[in-house]
Amino acid sequence: MNDIRNRPLRVAELIATRSDDEERGPAVFMFPKDAADRLLNEGELAWVYGPRRHELATVILDDRVKKGDVVLRDLVGSAPSEVVRVIKPDLDTRGRRVLA
């Protein structure tokens, strides 16, 4: 099953910020249609699953990013041309809890 909400995206660019930069922190810049396909809105948090790790990042919609690509800011688990998945967190389903 090829779910449109889980389609892989190519990392087009990585942005690393400095501590004195005004705009900083983990973010994923996406084409608006790619975000809409994943039910993501501007400013929401999304999981970015890369080949080595996964992190939460703020979604920023940007028409300059090509469809099927993403630009990552301050996320260290990916490199340019690698494939990542951007997924909306499931906040409605409770995780398993172990009661002792």
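Guide: The protein has 1 helix and 6 strands. These are DSSP runs, numbered from the N terminus: H or I over at least four residues for helices, E over at least two for strands. Along the sequence the pattern reads β-β-α-β-β-β-β. This is a predicted model, where local features need pLDDT of at least 70, side-chain atom pairs count only at pLDDT 80 or more, and totals for chains, interfaces and linings use all residues. Residues are numbered from 1 along each chain as its sequence is written, and side-chain values use heavy atoms, with hydrogens and water left out.

D69 counts as buried because its relative accessibility is 7%. Buried means under 20% relative accessible area, exposed means over 50%, and partly exposed lies in between (1.4 Å probe, protein chains only). The side chain of D69 has a partner: a polar contact of 2.8 Å joins it to the side chain of R10. Such a contact is a pair of N or O atoms within 3.5 Å; within protein, one must be able to donate a hydrogen and the other to accept it, and residues adjacent in sequence count only if both atoms are side-chain atoms. Set aside neighbours within four places in sequence, and D69 is in contact with L9, R10, A12, F29 and D34. Contact here means heavy atoms within 4.5 Å.

Compare T58, in strand 4 (residues 54–61). T58 counts as partly exposed, because its relative accessibility is 28%. Not counting residues up to four places away in sequence, T58 touches P26, A27, V28, G43, E44 and L45. Take P26 from that list. T58 and P26 are 32 residues apart in sequence, yet 6.4 Å apart in space, C-alpha to C-alpha.

Step back to the whole chain. Of the contacts with a separation of 6 or more, 76% join residues 24 or more positions apart. Buried residues make up 31% of the 100 residues. The C-alpha trace spans about 45 × 35 × 25 Å along its principal axes.
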